[in-house]
Amino acid sequence: MSVSSSRKITLILGAELEKLVTLPLIWLTLLGTFILNLVLAVAFTSAGLQGAAGTQSILKIGLASMVYLQAGFIILGILATCSEYTGGQIRTTLTTIPWRGFQLSTKYLALAIVTIPMAFIIAASGVLSAFIMMRDTALVIEIDAVIKPLAGATGYLTLTTLLSAAIGALLRRTTPALVILLGHYFIVSPLLRDFLSSIKNYFPDTAGYYMYMPPSSDEINVLTPMQGTGVLMVWTLIFITVAIVFYRKRDA
Amino acid sequence: MRAFNAELSKLFSLPGIWLAFLIGAFAPAVIATLDSTAQKEGIIAGVSTRLSEVGYIGLALGVQGVIILGVLAVSSEYLTESSESGGGNQITTSLTVVSSRFHFLLAKASAVTVISFQLCIVAILTTVSATNLILGEYAPAFESSRLIGAVCYWIFTALLAFGITVLTKNGIIPLAVLMINSSVVTVSYLLSKVTKLAFYLPDKAGLDMFMFTSDRFHTPFTGGLIMFAWVAVLFIVAAIVFHRRDVTS
Amino acid sequence: MLTINNLVKRRGTQEILSGISFKARPGRVTGFLGPNGAGKSSTLRILLGLDRATSGSALINGKPFAELHNPLATVGAALDGFGAHRMRTGRAHLRWIALASGLSRSRVEEVLEIVGLTDVAGKRIGNYSLGMGRRLGMAAALLGDPKILVLDEPVNGLDPEGIRWIRTFLRERAESGNTVLLSSHLMGELEETVDDVVIINHGKIVADGTLEEVIGNHSTLEEAFFALMSENSGNTA
């Protein structure tokens, strides 16, 4: 049994990967995010060129576009789960793989496998373009100091994608999922930050912010990157669990 | 007129339209409430620099409702996510019922305009009462000229969403672009730091109709005109593309 | 062998299935017949583990669908609609299904050949006609070469050639010992294809037996069907 079930995992993971890879919308989203991020990184850099120099500011400016960049990954996550409900594909999925909790978990895994390298490339391209434009101000860039925030940014984008996928799986419809997530990340959360400063660090987006932003001395009550990761991970796991529970219970 | 009535009834029977109505009617009031609460002390002490924005900020940030409305009005014709139907192409039915594509588009745009107008009136009512409730005697006066500007901004935004969705046939892109660009820190704002041309973007110009902020670039009238020009151009392009393409492609 | 035992399904206050029982046996084509909204699709969806039964059971070789070890090789199912994302190509759709069950890519080409979709396999499913979508659904059902076929309205949207192909194909499958359960509301078509008939109306079984038994004294299956329907509604009225 154990042999066959480990083989099953490989097979189903392969199928879920194939589903993601053969969906043109996924690639269009990633490509669009990549291009937009470059444009924004250039805009941020030229807006910030007057400011201070050095590795820290290159990182800050290179990662400033993350705020918008995350929208692409939110869309990616929603597409991955909501695409099941287009054209009744869910029926085919569940008659092929009737083990629902297992199937949805594998989908998250496949999504993470696709997202991690893409998130890294896109985040790195922003920092790199900032570096190229600002290389007069900083001759050497410390690799160590760059890798950590980039790893944090990759982790943040991946977890955000998974969180969005979980919400997409819960709601099953692209439009409400998109409205709720974009509404939270771009409107509700920035507005509430001023009011709920005591708990704002426990929002998924503000906690995740500390995963990649280099700490600045003028801010109080900040989280360490590890704490930020922890908070965001808890949110993601909660939503994934809720999504799986509902997915198992309801009629397809 | 019959086509217009049909489009109205189609819009009201959309699943998800409740989201547009709910957000459209109440989001501006909630945002205005939050902002007023935050500004209250400053305003009472007479040191607030943002008195001219209080209340209106709700109407500026709360346009999501009509964005959703404009997008759904078109995207629902192309795709429904249902486990039963094999992907509903309602557009085929719509175009056999109303044979002229131009009339179809016009009727739909009119329906979106009318509903956006009504939503904006409701939003103004809720926002003004919320601001007055919080700030009491310190609440700013709401001049009708600025409120008319806000109404125009809402309608134009809805029509922009509508036009972009006709071109993309898919709701995701217009929804993402417009929602992010009506958020607290917009891409247009960022671009305006880089080039003055960004002040001619529709949302940046349109906000000048009623948001009298310090970095204002246009007069309310030119701002409105620029935004209207964007809507008109987009609508013409959308009408041409829609006229030429095969329904099923 | 498919066994439906005292199946009840409620949605809200509405009772869609009120305790239906029947069997589909190996070596026979069983026709599942009834007017629109009678509960045919609901029964098949529960059988395939898509919907949950309020009570009762629907078993495949004595097991519920979710407990099958290799579902694709046991039951091939084609429900109404395409069951596929419109942006994918037909070949890509079949490939992920094959991957999930550990089948080879050459098997995908085989079933494409069987259902006659080889020429359009590289096109997006959104561009398929209704008939082509049905053929794609059949291809997915046949992928694992299953002993049991469950088909919802298989001839819906097919051209005359396709209908004839389905008819002979299903007869051949049954004669080589497989189980076939198909739902339909096309009487003439069913009469030429099926061995056994189950008729459902308002969530209740109103007739169950061999084709000859169900037709009885009537001249055709259609006559028998309408006689049963009027009798049934007379009872409930």
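Some ground rules. Residues count from 1 along each chain as its sequence is written, while chains are lettered from A and ligands numbered from 1 in the order in which they are written. Since the model is predicted, local features need pLDDT of at least 70, side-chain atom pairs count only at pLDDT 80 or more, and totals for chains, interfaces and linings use all residues.

Chain A to begin with. Chain A has 10 helices and zero strands. Helices here are DSSP runs of H or I with at least four residues, strands are runs of E with at least two, and both are numbered from the N terminus. How compact is chain A? Its radius of gyration is 19 Å, close to the 18 Å that the globule rule gives for 252 residues, so chain A is as compact as a globular protein of that length. That radius is taken over C-alpha atoms, and the rule is 2.2 Å times the number of residues to the power 0.38. The C-alpha trace of chain A spans about 60 × 35 × 35 Å along its principal axes. Of its 252 residues, 50% count as buried. Buried means 20 or more other C-beta atoms within 10 Å of the residue's own; exposed means 12 or fewer; partly exposed is in between; C-beta atoms are placed from the backbone.

Now contacts. Two residues are in contact if their C-beta atoms, placed from the backbone, lie within 7 Å. Take chain A contacts between residues at least 6 apart in sequence: 81% join residues at least 24 apart.

Next, the interfaces. Between chains B and A, 27 residues of chain B meet 29 residues of chain A. On the chain B side, helix 2 (17–45), helix 4 (64–78), helix 8 (172–180) and helix 9 (187–194) each give two or more residues. That side divides into 17 nonpolar, seven polar and three charged residues. The classes: Ala, Val, Leu, Ile, Met, Phe, Trp, Tyr, Cys and Pro are nonpolar, Asp, Glu, Lys and Arg are charged, and the others, Gly among them, are polar.

The contact between A and C takes 25 residues from chain A and 29 from chain C. Helices 1 (2–21), 2 (24–48) and 5 (89–96) of chain A each supply at least two residues of the chain A side. That side has 11 nonpolar, 10 polar and four charged residues.

On to the core. A nonpolar core is a set of buried Ala, Val, Leu, Ile, Met, Phe, Trp, Tyr and Cys residues joined through C-beta atoms within 7 Å. The largest has 222 residues, and those with the most contacts inside it include Leu182(A), Ile67(B) and Ala139(C). Helix 6 (residues 101–135) of chain B brings the largest share, 15 residues. What does Leu182(A) touch, leaving out residues up to four places away in sequence? Ala71(A), Ile74(A), Ala176(B), Met179(B) and Ile180(B).

Last, chain C. In strand 3 (residues 29–33), five of five residues are buried. Val29(C), Gly31(C) and Leu33(C) lie on one side, Thr30(C) and Phe32(C) on the other. Strand 3 runs parallel to strand 7 (residues 179–184), with five bridges; two strands pair if DSSP finds at least two bridges between them. Here Thr30(C) stands opposite Leu181(C). Strand 3 also pairs with strand 8 (residues 196–201), parallel, over four bridges. Gly31(C) has Val197(C) as its bridge partner there.

Then helix 1 (residues 40–47) of chain C. Eight of its eight residues are buried, so the helix is largely enclosed by the rest of the structure. Among them are Lys40(C) and Arg45(C). Just after this helix, Gly49(C) takes a positive phi of about 75°.
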